[in-house]
Amino acid sequence: MNLPKEFRYSDEHEWVKQEGDNKVRIGITDFAQSELGDIVFVELPEVGDTLEANSPFGSVESVKTVSELYAPVSGKVVEVNGDLEDSPENVNSAPYEGGWMVVVEIEGTSDLEKLMDADKYQAMVSED
């Protein structure tokens with residue numbers, strides 16, 4: 001399983017990558033996409049929407065199921081990966097690169113500090 005060490009991870013299998021002082025990029029983990037199977041549709045918020053940590057912000061539909069996405073941090077959506085509209089399979093092929101979902105402007109790092117590092121996330125999914 002691919003887990004970038006510099007990312008943070010949520011209980012709901014989202015990853016967070018810091019991009020400067022107050023912006024983070026969010027997607028779902030390699031583990032999550034492999035559990036879901038072939039992704040056929042991604043529903044994301046719009047630029048300007050506000051995310052609340054631990055609340056749903058979109059969904060991913062695979063050939064197996066529909067799964068809600070939960071915001072790992074609170075903040076304002078400043079960028080959405082529009083490529084996923086036509087190519088949702090990018091989440092399967094490159095969950096940490098082309099399969100990212102949104103960029104969020106955050107206030108402070110308190111939400112980030114609550115997330116797991118790669119080792120803790122690895123331990124959590126190994127228990128499942």
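I start with a term: a nonpolar core is a set of buried Ala, Val, Leu, Ile, Met, Phe, Trp, Tyr and Cys residues joined through side-chain atoms within 4.5 Å. Buried means under 20% relative accessible area, with a 1.4 Å probe and protein chains only.

**Ground rules.** The model is predicted: local features need pLDDT of at least 70, side-chain atom pairs count only at pLDDT 80 or more, and totals for chains, interfaces and linings use all residues. Residues are numbered from 1 along each chain as its sequence is written, and side-chain values use heavy atoms, without hydrogens and water.

**Core.** I looked up the largest nonpolar core and found 24 residues. Val24, Ile26, Ile28, Phe57, Met101 and Val104 touch the most other members. Helices (H or I, at least four residues) and strands (E, at least two) are DSSP runs, numbered from the N terminus. S3 gives the most, with 3 residues. Apart from this core lies another, of 13 residues, among them Phe31, Ala118, Tyr121 and Met124. I noted a general point: in soluble globular proteins, nonpolar side chains tend to be buried together.

**Sheet.** I then traced an open sheet of 6 strands, in the order S1-S2-S3-S9-S8-S5, with antiparallel pairing. Two strands pair if DSSP finds at least two bridges between them.

I followed S9 (residues 102–105) to S3 (residues 23–28) and found 4 bridges, running antiparallel. Lys23 stands opposite Glu105, and Val24 opposite Val104. S9 is also joined to S8 (residues 75–80) by 4 bridges, again antiparallel. There, Glu79 has Val103 as its bridge partner.

**Val104.** I listed its contacts (heavy atoms within 4.5 Å). Leaving aside neighbours within four places in sequence, Val104 touches Asn22, Lys23, Val24, Ile26, Leu51, Ser74, Gly75, Lys76, Val77 and Val78.

Terms used: Buried means under 20% relative accessible area, exposed over 50%, partly exposed in between (1.4 Å probe, protein chains only).
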